[in-house]
Amino acid sequence: KKVLYRGRQLSVSQGWYISSIPPYGYNRIWVMDGKKKKPTLEINEKEAEVVRMVFDMYLHEGIGVQAIANRIDKLGIIARNGKRFSRSLARDILRNEHYTGKVVWKQRPVTKVVENSEIVKKRELSDEKMVFEGRHEAIISEEDFAKAQEITNNAPKVNIDFTLKNPLSTIMYCQCGYIMTMTSVR
């Protein structure tokens, strides 16, 4: 396992993209490097235009991640999984360094933790991540990516209130079968 791990780390340090799923905006391709085929990324222009739109809306129009997702969803653009364009996808696009032409290693390593006498695998953000110059083209400039990270880091943290807003939410149902909701009229 250690030999395989060192080989993967060497490939990443040389700029090859070794993950199985490419980021939104790229396709994974294989190119010849001497006598061996190596994996890298190729720009998917249709998806790359959406990535550029996300960064443009966030940086120049100053709208938030949820508003970006709503606007792109209204344009009829769907995610790769066939579902609607979500807030988490827009947030992940804004955080992904691959769009600057870099390759990231150990950003979310798998750690095994014992919970309730069972071994559970977790993938949390790591401080030990390594960033290397990739062999693929950048979709976003490094300056724009840095501005987006600065805006994200300086944004105020909003505490979401999870207190019960509708005490009758699981008790009362409409004749049509839907749950009754409480609304305020002004």
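The sulfur of cysteine 174 sits 3.3 Å from the closest cysteine sulfur, in cysteine 176, and that is too far for a bond. A disulfide here is a pair of cysteine sulfur atoms within 2.5 Å, and a search of the whole structure turns up 0 of them. Keep in mind that this is a predicted model, where local features need pLDDT of at least 70, side-chain atom pairs count only at pLDDT 80 or more, and totals for chains, interfaces and linings use all residues. Residues are numbered from 1 along each chain as its sequence is written, and side-chain values use heavy atoms, with hydrogens and water left out.

**The two cysteines**

- Cysteine 174 counts as partly exposed because its relative accessibility is 35%; buried means under 20% relative accessible area, exposed over 50%, and partly exposed in between (1.4 Å probe, protein chains only).
- Cysteine 176 has 55% relative accessibility, so it counts as exposed.

- Helices (H or I, at least four residues) and strands (E, at least two) are DSSP runs, numbered from the N terminus.
- The expected span of a helix is 1.5 Å times one less than its number of residues.
- Helix 1 (residues 2–13) has 12 residues and should span 16 Å at 1.5 Å a residue; its end C-alpha atoms are 16 Å apart, which agrees.
- Just after helix 1 comes glycine 15, with a positive phi of about 100°.
- Buried residues of helix 2 include Val50, Val51, Val54, Phe55, Met57 and Tyr58.
- What do the buried residues of helix 2 pack against? Their partners are strand 1 (26–33), strand 2 (36–43), helix 3, helix 4 and helix 5.
- Glycine 62 follows helix 2, and its phi is positive, near 70°.

**Isoleucine 68**

- You'll find isoleucine 68 in helix 3 (residues 65–74).
- Is isoleucine 68 buried or exposed? At 0% relative accessibility, isoleucine 68 counts as buried.
- Leaving aside neighbours within four places in sequence, isoleucine 68 is in contact (heavy atoms within 4.5 Å) with Val54, Met57, Tyr58, Ile63 and Ala90.
- Aspartate 56 is 12 residues away along the chain from isoleucine 68, and their C-alpha atoms are separated by 10.0 Å.

**Histidine 136**

- Histidine 136 belongs to the loop between strand 6 (130–133) and helix 5 (142–154).
- With 7% relative accessibility, histidine 136 counts as buried.
- The side chain of histidine 136 reaches the backbone oxygen of histidine 98 at 3.0 Å.
- A polar atom of the histidine 136 side chain also lies 3.4 Å from the backbone oxygen of lysine 102.
- Once neighbours within four places in sequence are set aside, the contacts of histidine 136 include Tyr26, Thr40, Leu41 and Val103.

**The largest pocket**

- A pocket is an open set of points on a 1 Å grid over the protein atoms alone, where a 1.4 Å probe fits, with protein on both sides within 12 Å along at least five of seven lines; lining residues have an atom within 4 Å of a point.
- The largest pocket has a volume of about 1900 Å³, where volume is the space filled by probe spheres set on the points, and grid points are joined across faces, edges and corners.
- Its lining is made of 48 residues, with Asp92, Asn96, Gln107, Arg108 and Leu125 nearest the centre of the largest pocket.
- Helix 1, helix 4 (87–95), strand 3 (102–105) and helix 5 are the elements giving two or more residues to that lining.
- Helix 4 gives the most to the lining of the largest pocket, with 8 residues.

How values were computed: A polar contact is a pair of N or O atoms within 3.5 Å; within protein, one must be able to donate a hydrogen and the other to accept it, and residues adjacent in sequence count only if both atoms are side-chain atoms.
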